[in-house]
Amino acid sequence: VKHSFIMASAAHVCGICDLRHVTKPSVAWCPECDEGFCSGCEEHHSLSKATRHHKTVKIAEYQTLPQNVLQITQSCTKHNEKLILYCRDHETPCCGKCVNEGHKGCNKVVNLNDIANNAKTSTSFQEIEETLIEMLDNIKEIKNMYKGNITNLSESRNQIEKQIQDIRSKIDTHLNTIQKKLIDEINKVEKTEIKKVRLLVKTLEENEKHLTKYQNSIANIKQHASDLQTFMSIRQIEQDLSKNDEFIQSCVNGDAVNTRVITCSIDKSIETITRSVQRFGEIAVVVRPTKAALRDRKKTQAQMIIPQLPTKSINNVAALLQQTIKTTSQNVRGCCILPDGRLALTCYDRNMLILIKADGCKDFEIQLPGAFDVSNGTRDNILIVSSSIIPKTGLSIIDIKNRAITKFIPIEYKCYGVVVHNDNVIFCTESELKIRNLQTESINTITNAGLSIFSYVDTNGKYIYYTALLEDSVTCCDFKGVIQWIFKDTQIIVSPLGIALNDDGFVFVLSNNSVVLISPCGKQSKTIITNCDKLRAHALHYDKSTEMLLYANNEENGFVYKVGLK
């Protein structure tokens with residue numbers, strides 16, 4: 001805390017004036033001197049022989065740095081001497097006294113400036129920037145996934161509610177159907193039984209009339225008939241009454257006088273519904289794997305801030321001519337170095353692919369109309385050649401062992417620059433960067449940003465780099481077409497053509513009859529082969545295994561350069 005307070009105070013007050021017991025606010029900060037300066041002292045600092053090459057920053061800009069960065073000093077906190085060395089064994093900067101006191105047995109004590117120089121343009125720093133971008137992209141992707149999950153939860157609830165309503169509707173419909181069926185049956189039984197009872201009532205009413213009639217007749221006979229008439233009529237009346245009595249007895253002995261009652265036995269499964277079915281269903285949360293499009297970068301094994309090897313600076317990269325060969329063509333559009341050391345060239349004017357031996361002698365030729373660019377295939381002795389002359393626009397797969405075209409893939413566009421990576425052919429048209437899988441034969445557009453006629457392309461498997469002749473630009477994008485950077489400076493890049501990469505991420509570009517080197521971050525550049533070599537070239541290739549750079553010009557010449565550190 002005390003150290004932070006001192007640092008904050010030093011940043012606000014001019015260090016030189018403070019030593020003279022004069023308090024003046026600082027307007028600039030020198031990281032190398034590790035102190036602030038007022039306007040007057042800053043001018044003296046910029047003119048002094050010892051410090052004129054120091055780069056200062058405005059104090060307001062300096063104070064925007066994170067607190068942990070502001071606390072990093074140029075001096076040893078223990079001995080108050082400048083930090084000049086770095087111990088790789090302990091991963092700590094040291095002054096001269098620190099080395100004598102605690103690092104005599106360390107084997108990896110190196111100059112601090114050697115590993116800190118060009119740190120901002122180093123691959124390690126670029127890795128950090130790209131990792132941060134990747135992490136933010138992944139967080140956004142996960143956040144969007146969870147936001148989508150909220151919507152999916154609401155949709156799931158609506159679907160379950162609809163499912164419940166559908167089942168309830170089916171149950172209601174079924175119960176209504178069997179209920180109606182039972183009611184209809186009851187009505188039918190009721191009508192049948194009522195009909196039977198009414199028939200019996202009618203018969204009884206008829207017998208009742210007959211008996212009432214006889215009863216009246218008996219009264220009249222008793223009062224008005226003679227004994228003989230009474231005697232003779234009794235016989236007849238007895239016979240008639242006997243019949244009525246038989247009918248009444250039949251009603252008594254049978255079921256005619258029983259009361260009819262309609263009953264119903266409810267199915268036991270219906271009765272047990274309310275007891276056995278206690279829930280409509282069971283709700284559960286299922287966690288399913290999500291196919292989130294997360295980026296997964298290869299993790300570095302070493303400390304990212306401190307590289308194991310000295311940082312390669314663009315200023316230290318140089319090219320040294322190793323060999324000159326005759327190409328026998330004045331219009332070489334594409335070239336590549338084969339694993340066995342041979343060179344493959346596409347001759348646009350002669351419509352052919354030429355192979356040249358490592359010693360510069362011609363090996364053989366294959367007739368190939370419109371041959372534009374060439375790339376090593378994923379298997380030995382296989383080359384991929386693009387064609388840009390109608391109607392033979394497309395990609396040719398060449399077997400150089402058998403010296404034959406094994407397959408031609410027609411493409412409806414003119415094909416220019418081409419490169420192969422993991423069974424995928426990446427190629428340029430006049431307006432689009434495309435990728436075709438050699439196994440599935442699927443073809444997709446990566447991007448349509450910043451391309452033109454005669455665009456060339458290369459890749460390191462992580463990013464894709466391509467030129468645009470008419471745009472005077474070099475573009476870097478990922479395999480989804482997301483632009484990482486665009487280099488466009490007509491003082492340096494004019495009408496760019498061939499492009500190639502090395503393992504450190506440096507980009508070689510043919511521009512205005514020169515070979516320009518662009519840093520991995522796309523912010524720095526340097527011309528490593530100038531037009532004094534009479535380039536006038538289209539074709540460029542870098543072989544990572546041998547660190548050789550090949551280009552071919554329009555004067556029937558090819559040149560092989562060794563690229564390395566000065």
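At 32% relative accessibility, N381 counts as partly exposed, a class that lies between buried (under 20% relative accessible area) and exposed (over 50%), as computed with a 1.4 Å probe on protein chains only. N381 lies in the loop between β12 and β13, and its phi is near 65°, a positive value in a residue other than glycine. Helices (H or I, at least four residues) and strands (E, at least two) are DSSP runs, numbered from the N terminus. The structure is a predicted model, in which local features need pLDDT of at least 70 and side-chain atom pairs count only at pLDDT 80 or more, whereas totals for chains, interfaces and linings use all residues. Residues are numbered from 1 along each chain as its sequence is written, and side-chain values use heavy atoms, with hydrogens and water left out.

T328 also has a positive phi, near 60°, in a residue other than glycine. T328 is located in the loop between β7 (317–326) and β8 (332–337) and counts as partly exposed, with 31% relative accessibility. The peptide bond from I390 to P391 is cis, with omega near 5°; P391 belongs to the loop between β13 (382–389) and β14 (392–399). Most residues other than glycine have a negative phi, and most peptide bonds are trans.

Residues 125–224 carry the UniProt annotation "coiled-coil region", from an unreviewed entry. UniProt positions are given in the numbering used here, feature names are shortened, and annotations may be inferred rather than shown by experiment. In the model, this span is 100% helix and 0% strand, and its end C-alpha atoms lie 146 Å apart.

Helix α8 (residues 123–224) has 102 residues, which at 1.5 Å a residue should span 152 Å; the end C-alpha atoms are 147 Å apart, which agrees. The expected span of a helix is 1.5 Å times one less than its number of residues. The buried residues of α8 are S124, Q126, E127, E130, T131, E134, N138, N207 and I221. L153 is found in helix α8 and counts as exposed, at 54% relative accessibility. L153 and V285, 132 residues apart in sequence, have their C-alpha atoms 10.0 Å apart in space.

## Aromatic pairs

Rings of Phe, Tyr and Trp (its six-membered ring) pair if their centres lie within 6.5 Å; planes under 30 degrees apart count as stacked, over 60 as edge-to-face and the rest as tilted. By this rule the count comes to ten aromatic pairs. F372 and F454 have ring centres 5.8 Å apart and planes at 15°, so the pair is stacked. This pair links distant parts of the chain, 82 residues apart: F372 is in strand β12 (residues 371–376), and F454 is in the loop between β19 (443–447) and β20 (457–459). F372 counts as buried, at 0% relative accessibility.

Y551 and Y561 form a stacked aromatic pair, 5.9 Å centre to centre with 20° between the planes. Here too the pair links distant parts of the chain, ten residues apart, with Y551 in strand β29 (residues 548–553) and Y561 in strand β30 (residues 557–565). Y551 counts as buried at 0% relative accessibility, and Y561 counts as buried at 5%.

## Aromatic cluster and charges over rings

One aromatic cluster is formed by Y348, F372, Y416, F454 and Y456. The charged end of R333 sits over the ring of F454, 5.0 Å from its centre. The charged end of K392 sits over the ring of F408, 4.4 Å from its centre. A charge sits over a ring if NZ of Lys or CZ of Arg is within 6 Å of the ring centre and within 35 degrees of the ring normal.

## Cysteines

A disulfide is a covalent bond between the sulfur atoms of two cysteines. With a disulfide defined as a pair of cysteine sulfur atoms within 2.5 Å, a search of the whole structure finds zero disulfides. C94 is in no disulfide, and the nearest cysteine sulfur, that of C87, is 5.5 Å away. C94 is buried, with a relative accessible area of 1%. C98 is likewise in no disulfide; the nearest cysteine sulfur belongs to C95 and is 3.5 Å away. C98 counts as buried, at 15% relative accessibility.
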